[in-house]
Amino acid sequence: MKQIRRPKHVVVKFVVKFFPPDHAQLQEELTRYLFALQVKQDLAQGRLTCNDTSTALLISHIVQSEIGDFDETIDREHLAKNKYIPHQEALEDKIMEFHHNHMGQTPAESDFQLLEIARRLEMYGIRLHPAKDREGTKINLAVANTGILVFQGHTKINAFNWAKVRKLSFKRKRFLIKLRPDVNSSFQDTLEFLMASRDFCKSFWKICVEHHAFFRLFEEPKPKPKPVLFSRGSSFRFSGRTQKQVLDYVKEGGHKKVQFERKHSKIHSIRSLTAQPSEQHTEVPKQTARAYGDSNDAAAVQSCRQGKELKSSTEDTGQHKSPSLKKSPKEGRKVDGAVVSAVEEEEEPAKDRIQQNRPQSQQPSTGSLTGSPHLSELSINSQGGPSVANMTLSPNLSPDAKQSSPLVSPLLNDPSCIRADDEEEVKRKRFPTEKAYFIAKEVATTERTYLKDLEVITSWFQSAVSKEDCMPETLKNLIFSNFEPLHKFHTGFLKEIEQRLALWEGRSNAHIKGDYQRIGDVMLKNIQSMKQLTIHLRKHNEILMELENGIRNSRKLETFCRDFELQKVCYLPLNTFLLRPLHRLMHYKQIMERLCKHYPPSHMDFRDSRAALAEISEMVAQLHGNMIKMENFQKLHELKKDLIGMDNLVIPGREFIRLGSLSKLSGKGLQQRMFFLFNDILLYTSRGLTASNQFKVHGHLPLYGMTMEESEEEWGVPHCLTLRGQHQSIVVAASSRAEMDKWTEDIQMAIDLAEKSSDPAPELLASSPPDNKSPDETPVDQESEDDLSASRTSLERQSPHRGNTTVHVCWHRNTSVSMIDFSIAVENQLSGNLLRKFKNSNGWQKLWVVFTNFCMFFYKSHQDNHPLASLPLLGYSLTLPSESENIHKDYVFKLHFKSHVYYFRAESEYTFERWMEVIRSATSSASRTRALSHKEPHAY
């Protein structure tokens with residue numbers, strides 16, 4: 001830092017200093033906006049070079065963020081006035097063609113997509129420094145997060161990874177790279193490059209020192225002690241947080257979030273690439289300047305603060321509306337994943353010597369599923385311990401996006417969106433407090449989620465199908481002709497419910513007099529209308545079966561459906577969405593039962609509520625048989641995707657009973673295995689060596705003629721069972737007495753059913769895996785050992801597909817679930833806003849939460865199309881906070897698994913009890929006896 005002599009003639013710019021390899025590390029919209037501006041300027045200045053197609057695609061996202069959706073006239077006028085690259089005219093048609101595909105994309109999503117494309121380009125974040133090699137050939141040197149790069153023109157010809165570099169130094173204008181010895185390398189021990197001057201050489205050396213420290217070191221390097229007599233070498237060190245420290249800081253909630261709303265810029269002024277900055281730049285609006293100076297996100301920021309006031313300018317040199325920001329402190333702006341620096345136009349040359357290389361630090365871990373609740377994808381490292389999962393916040397992508405779901409969301413890790421407690425209390429007092437109101441509100445919140453689930457089929461899936469010629473027309477018509485009427489009806493239904501709630505709360509049409517503090521009349525009217533849709537609901541059995549048949553007969557359709565399930569919007573298995581309309585009927589019935597139980601017979605809404613309950617109960621009774629068959633059919637097909645070596649899993653008469661993790665005793669000791677119990681067979685598997693995380697079937701035991709006995713004393717293993725089949729026996733051990741009791745109960749029930757039936761049909765045994773060797777034979781054990789080591793590898797190297805199913809959660813949490821648990825989970829679905837707090841954080845963060853399929857899915861708001869994170873609850877404990885935890889709030893419940901603790905806060909006593917009820921169903925798996933004697937009857 002240096003005192004500026006003539007501040008009136010200096011323009012200070014904010015520029016990106018460190019470019020993160022993954023833009024998903026940028027957690028705030030404002031940060032991504034700043035990076036998008038940098039990419040935009042790099043394009044204009046010719047730094048970010050790429051082919052015409054990539055250039056046009058980048059500019060199309062910039063145009064979408066500035067003027068919104070495509071309009072040919074406006075586009076041509078805008079591109080005529082705004083020049084993003086030299087000679088832009090040749091690409092205008094291609095830009096508009098790409099822009100047409102971005103319909104409905106918000107400015108924030110456009111920024112995200114811009115960074116997604118830019119980060120894959122070879123010149124992303126590259127700043128070229130002219131030099132010559134020993135032969136005098138002109139080259140360019142650059143530094144990136146991975147190491148030092150060598151370019152000839154704009155083509156990369158060499159790269160020196162940080163791990164290979166032993167030391168960096170400079171002598172006068174010679175830049176020296178000392179490499180670690182490598183017998184397989186043809187490089188010399190020391191490489192020498194000649195730069196224009198000593199100052200240029202020293203400046204580049206300092207940039208290398210900073211990049212190495214930021215991306216490679218665990219913590220900020222300590223300053224070099226001052227010499228007593230003589231100084232030798234430079235004392236320059238990187239100052240500020242390293243990337244790991246920054247991410248840890250954000251994860252621990254150490255920063256304050258800036259309220260920022262990204263809006264269309266609507267730039268109309270003609271910008272010249274050749275104009276001088278002093279002529280073209282306008283002053284940054286005060287609120288924007290404050291936001292740039294706020295201490296807020298993830299990486300260290302260096303700002304040049306002089307004694308005199310400086311004129312600032314953003315990277316976006318055009319005159320446009322600044323995104324709306326709230327006031328923030330005038331401190332150095334921390335931007336995650338990179339350092340944004342304030343630099344002078346003429347950069348001061350830098351100084352010094354690099355730190356000794358340290359092992360490259362991994363990004364802060366949210367842990368594997370064995371130790372962390374933050375996952376929607378599970379990972380175990382090679383030592384069996386936690387592995388890393390990147391924190392991501394990705395805006396909504398198009399239906400074609402083939403990206404995996406975010407593993408962890410900043411919404412789970414950052415204490416952002418904090419609502420002041422006083423403000424929340426005031427807000428709470430404005431709304432009705434009676435229980436009937438909150439029951440009506442549950443209808444609205446769950447209906448919003450149900451409508452979003454229908455849109456997965458009617459909008460996202462239909463849009464994807466229309467672009468691919470992979471599905472027969474008859475199947476298309478069968479699916480969409482039966483789902484579109486449901487979507488249309490429930491859109492109107494939701495509108496009616498929300499209008500009634502608005503009147504109930506007094507938020508609209510307050511002058512209208514009438515009895516609007518009820519919901520039974522609305523439910524009765526719509527349930528009666530819903531009966532006309534029964535013809536479509538009866539088709540769902542046929543839809544599910546025809547789709548599965550189509551997938552079995554067409555590899556192209558199978559690949560298409562698998563790829564669609566990878567999209568973020570498809571947060572559950574695809575065939576689960578096909579069953580949602582039948583599940584929803586069950587929810588209406590439960591809600592009306594609670595409402596009728598709450599109302600006294602004299603209440604004005606009781607009669608309508610009773611009538612609505614009778615109508616919906618009749619519908620559920622009519623469709624009850626279909627629901628039972630479809631649930632089992634859907635579960636068998638879902639398990640089929642998780643298994644290798646069991647092609648004919650889905651056959652007539654086969655029923656799923658329980659799946660879970662048990663330890664199998666062999667000559668090499670206890671080995672973890674995944675067991676699948678059906679009404680005719682018991683399969684045991686282990687995690688295979690496949691990229692899709694499937695389980696390989698090692699053997700099976702037919703249940704006909706099987707006996708079971710406890711054998712703890714015989715083998716000296718706690719919770720141990722011996723299963724004796726007609727041809728082989730195995731010894732298994734459960735993780736606890738409770739798990740052992742569940743397995744014992746279900747296996748005994750399955751054996752009794754098999755004994756009452758006749759001998760197993762030949763086709764049942766024929767469907768068993770070919771490998772039916774005794775579990776004590778050497779080849780099987782050897783293969784199992786390989787698979788076991790494969791199960792411990794980090795899933796970061798594997799495809800995200802099928803990495804977070806219930807089967808994998810049970811594997812990592814060492815637990816089990818039964819078909820009865822799945823049936824109870826179908827009933828126990830809930831949506832709504834909750835306030836969340838970490839163990840060590842102070843504020844409460846408001847989230848939209850959807851609970852389904854033993855998992856909590858977190859959204860920023862109910863309008864989001866896909867979840868930002870998920871929290872599988874199998875294995876978690878649900879309790880109330882103790883006095884020592886200092887949670888002095890009402891309606892708070894606590895979720896904890898090992899060292900991970902979450903507090904959630906509901907808005908009322910009723911919603912608190914409902915969340916406790918549905919979450920308890922997932923955290924404490926019911927035994928068969930308790931489930932069947934549950935006080936409320938189950939439909940399945």
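This is a predicted model: local features need pLDDT of at least 70, side-chain atom pairs count only at pLDDT 80 or more; totals for chains, interfaces and linings use all residues.
Visitor: How do the strands of a sheet pair?

Guide: Strands of a sheet pair through backbone hydrogen bonds, and the pairing is either parallel or antiparallel. Here, strand 2 (residues 129-132) and strand 3 run antiparallel, joined by 4 bridges. Opposite His129 stands Leu141 in strand 3.

Visitor: How many residues lie between strand 2 and strand 3 in their hairpin?

Guide: That hairpin has 5 residues between the strands, and Gly136 takes a positive phi near 85°. Strand 3 also forms a hairpin with strand 4, with 3 residues between them. Strand 3 and strand 4 (residues 147-152) pair in the antiparallel sense over 4 bridges, and Ala142 stands opposite Leu149 in strand 4.

Visitor: Is strand 3 mostly covered or uncovered?

Guide: In a regular strand the side chains alternate between the two faces of the sheet. Strand 3 (residues 138-143) is mostly covered, with 5 of its 6 residues buried.

Visitor: In what order do the strands of the open sheet of 7 strands stand?

Guide: The order is 25-24-23-22-28-27-26, and the pairing is antiparallel. Strand 25 (869-872) and strand 26 (877-879) are at the edges with a single partner strand each, so one side of each has no neighbour in the sheet. From one strand to the next, the twist averages 35°.

Visitor: Which strand is joined to strand 25, and what packs on the sheet?

Guide: Strand 24 (residues 855-859) is joined to strand 25 by 4 bridges, and the two run antiparallel. Met856 has Leu871 in strand 25 as its bridge partner. Helix 12 (residues 435-467) packs on the sheet and touches strand 22 (830-838) and strand 23 (845-852). The direction of helix 12 makes about 95° with that of strand 22.

Notes:
Residues are numbered from 1 along each chain as its sequence is written. Side-chain values use heavy atoms; hydrogens and water are left out. Buried means under 20% relative accessible area, exposed over 50%, partly exposed in between (1.4 Å probe, protein chains only). Two strands pair if DSSP finds at least two bridges between them. Axes are lines fitted to C-alpha atoms, for helices over the stretch in contact, and angles run from 0 to 180 degrees between N-to-C directions. Contact means heavy atoms within 4.5 Å.
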